[in-house]
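Subject: Structure handover, salt bridges

Hi,

Here is the structure for your files. Please open it alongside this note; my notes on its charged pairs follow.

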Amino acid sequence: MAEMLSLTRPRPSRAPVSLVPMIDVLLIMLVFFMVTSTYLDLDMIPAVDSAEGAAPGPAAAADGTVLIRLGADGRPAIQGRSLLHGELAAHLAARPDAQVIVLPTGAATMQALVSVMDTVTGAGVTRMRVVRLEARP
Amino acid sequence: MRIARPAPRTAPETVIALIDVVFFLLVFFMLIGRMDATAPFDVTPPESLTGADMPGGGATLAVAADGALALDGAPVDAGAAAERLLARLADQPDLLVRINAHRDAQLRHVLPLIATLEGQGAREVVLVVTPPDAGK
């Protein structure tokens, strides 16, 4: 008798799952990703010479060494002469095998250094190094 | 006699459509954004014509225009940043270290860090740049 009753008992209807909390979570994730991501097109340029094999020391520089100083105003200078970027490119294009050393002052901006590195690389120079003066303790 | 007819029930499909749209937007923003160059301050990388595509992974050191530092999005001071990066480099010598410096940051805030990293044997240190006219 009891078995028959249990057979005829209707299955309790399940409570419908609410979708509202799921939408809440999705919206929070959406806002999180929108806010924390950067959408700039980011590139990179090497700051450290990763080719350890290329001896940076007194290795033969066929065209000698060019020292570019970078002032606080962002203007590159060779041998005390301040140059525009076009003049610098022309100067370097004549000696593409030279070892280029960039010596920036600490007051110059990142954009100035990157612009000079751009010009040097664009002129076909493959051996470039950024150095800085350090106070001897 | 007029008996008010009960309002027709709204179909549940409208909620499903909303979820679809939100899901689509979520995936879209996850795909086009990158989260490995975030910083708690404003960083506008310098413009460069000669940049190469930047792979993911590695550590990101952000430098604000006033010299404030953040390692992987958390503010740090210079000593702690170098210490943590060197500890990670000891575990992983070919760690890619990204220097994401603001274009107006002065080099005296940036170059000593690069020199420290290089002196400790970091092989992959890159400057984050952006092509001209990006985002315009």
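Predicted model: local features only at pLDDT ≥ 70, side-chain atom pairs only at ≥ 80, totals over all residues.

B:Asp72 is partly exposed, with a relative accessible area of 41%.

B:Asp72 has a partner. Its side chain meets that of B:Arg88 in a salt bridge, at 3.0 Å from N to O.

B:Arg103 pairs with B:Glu47, and their closest N and O atoms are 3.9 Å apart. This pair also links distant parts of chain B, 56 residues apart. B:Arg103 lies in the loop between strand 5 (96-101) and helix 3. B:Glu47 lies in the loop between helix 1 (13-32) and strand 1 (52-53). B:Arg103 is partly exposed at 22%, and B:Glu47 is partly exposed at 25%.

A:Arg129 forms a salt bridge with B:Glu118, with 3.1 Å between the closest N and O atoms. A:Arg129 is in strand 6 (residues 127-130) of chain A and B:Glu118 is in helix 3 (residues 107-119) of chain B, so this pair joins two chains. A:Arg129 has a relative accessible area of 26%, which is partly exposed. B:Glu118 is partly exposed too, at 27%.

Best wishes

Definitions and conventions
Residues numbered from 1 in each chain as written. Chains lettered and ligands numbered in written order. Heavy atoms only, no water. Salt bridge = Lys/Arg side-chain N within 4 Å of Asp/Glu carboxyl O. Helix = DSSP H or I, 4+ residues; strand = E, 2+ residues; numbered from the N terminus. Buried < 20%, exposed > 50% of the residue type's maximum accessible area, 1.4 Å probe, protein only.
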